[in-house]
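This report goes through a few local features of one protein chain. The sequence and coordinates come before the notes.

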Amino acid sequence: MTARTFTGARVVDPASGTDKVANVTVEGGVVTEVGGAVHGERVDADGLVLAPGLVDLHTHLREPGRDDAETVASGTAAAAAGGFTAVCAMANTDPVCDHAGVVEQVLRLARDAGHADVFPVGAVTKGLAGDDLAEIGAMAAVGVRCFSDDGHPVRSARVMRRALAYARTWDAVIANHAEEASLTEDAQLNEGEVAGLLGLAGWPREAEEVMVARDLILAAGLGARLHVPHVSTRGTVDLVRAAKARGVRVTAEVTPHHLSLTDEAATGYDPVFKVNPPLRTADDVAAVRAGLADGTIDAVATDHAPHAPEQKEQEWGQAPCGMLGLETALAVTLTDLVDTGTVGLARALDALSTAPARSRDLAGHGGPIVAGAPATLVLFDPAATWTVDPAASRSRSRNTPFAGRRLRGRVVHTLLRGRFTFRDGQVV
Ligand SMILES: [Zn+2]
């Protein structure tokens with residue numbers, strides 16, 4: 001590979017604390033120089049931000065099993081278009097990723113597609129059934145760093161405790177979908193005024209908070225690593241903040257939709273706004289934003305959950321939960337968090353890249369952007385505005401809650417170890 005220099009970009013690298021305009025030269029898959037002269041091909045990056053490639057802790061790629069909704073290839077193409085260089089693929093496929101065979105299948109599909117690194121998440125329990133532990137050791141042996149039954153909670157405290165203890169052997173992370181199911185039977189939308197008005201069964205905040213509190217107690221007792229996915233309530237932010245202050249080994253994520261939308265979006269019964277956990281209230285949005293700003297919540301993670309139109313476009317009660325997220329996460333974060341002054345650009349990029357990479361020990365992702373480090377990068381135009389068009393998505397599905405929204409911040413190039421995965425607006 002010949003040398004290539006990106007000239008005039010604003011280099012924002014949370015891993016090294018860098019924020020400066022500089023040329024960045026890439027050769028042989030690595031960064032060879034920051035702040036030097038032009039070598040080889042010159043790529044004008046004037047006015048662009050150059051940052052570590054984005055890292056998603058929570059992606060549903062649907063393959064194997066539901067390739068009508070998404071495949072590893074289509075999902076990672078959407079990832080590259082969104083500036084992501086790494087995604088953690090959730091285990092609720094068919095068959096479930098509860099043994100090393102499925103892990104290896106997903107890794108192979110990802111390598112063949114070449115759009116992004118995929119880090120499969122293993123199931124905690126066999127078949128996501130909540131009873132017997134999945135083959136955690138065998139999956140850890142082929143590189144799995146996180147286990148989750150996401151979509152389903154690990155209901156039993158005994159099973160959760162055993163899983164945390166077992167994962168600790170590999171210093172791996174358990175991410176438990178926090179939902180106390182006895183409180184969410186038939187639940188459709190956040191319990192409150194809007195659900196009442198719409199006549200939809202309420203989904204109480206306590207369903208999330210009870211489970212998070214339990215898991216924090218269990219993780220603390222064992223010194224095990226816990227990750228709290230898709231934080232949606234003020235109470236959960238408070239629980240995680242207090243646990244971190246006590247030294248519990250916990251990390252947390254929040255989705256772009258929980259940072260930017262409320263249950264008011266559901267007033268037209270459009271099932272595109274049906275998601276688990278549900279959209280909450282303005283007070284919860286304010287709390288998760290504050291939690292992201294102060295580091296209580298480590299990462300922005302998409303919970304990219306594609307559903308084929310014939311599945312998603314049913315009546316609210318029948319429609320499955322979930323929203324697309326990979327292609328809009330950066331722009332939603334820039335528009336609703338950076339533009340509003342909630343977080344600075346460096347913290348936003350930390351939450352989208354460096355912090356999630358660190359929380360899963362994903363070497364080679366999340367920066368730093370220094371000589372010798374992998375050239376795994378995103379370049380985006382922070383000033384460009386665009387309108388979200390579901391038909392233009394690289395995903396096989398169309399269920400974005402941001403359809404028609406005007407957003408600021410557009411990905412121009414994505415590079416994985418020096419190779420373009422997305423160039424001038426096109427998936428490579
Ligand atoms: Zn979940």
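## Parallel sheet

V87 stands opposite V118 in β8. The model is a predicted one. Strand β7, residues 84–89, pairs with β8 in the parallel sense, and four bridges join the two.

These strands belong to an open sheet of three, ordered β6-β7-β8 with parallel pairing. At the edges stand β6 (54–59) and β8 (117–120); each has a single partner strand, so one side of each is left without a neighbour in the sheet. From one strand to the next the twist averages 20 degrees. Helix α12, residues 345–359, packs on the sheet and touches β6 and β7. The direction of α12 makes about 70 degrees with that of β6.

D150 and H177 link distant parts of the chain, being 27 residues apart. D150 sits in the loop between β9 (146–147) and α4 (157–168), and H177 in the loop between β10 (173–175) and β11 (189–190). Both D150 and H177 are buried.

## Surroundings of A265

A265 is found in the loop that runs between α8 (256–260) and α9 (282–293). Its relative accessibility is 24%, so A265 counts as partly exposed. Leaving aside residues up to four places away in sequence, A265 touches F273 and L279.

A separation of 43 Å lies between the C-alpha atoms of A265 and A138, which are 127 residues apart along the chain.

Definitions and conventions: Residues numbered from 1 in each chain as written. Predicted model: local features only at pLDDT ≥ 70, side-chain atom pairs only at ≥ 80, totals over all residues. Heavy atoms only, no water. Buried < 20%, exposed > 50% of the residue type's maximum accessible area, 1.4 Å probe, protein only. Contact = heavy atoms within 4.5 Å. Pairing = 2+ DSSP bridges. Axes fitted to C-alpha atoms, helices over the stretch in contact; angles between N-to-C directions.
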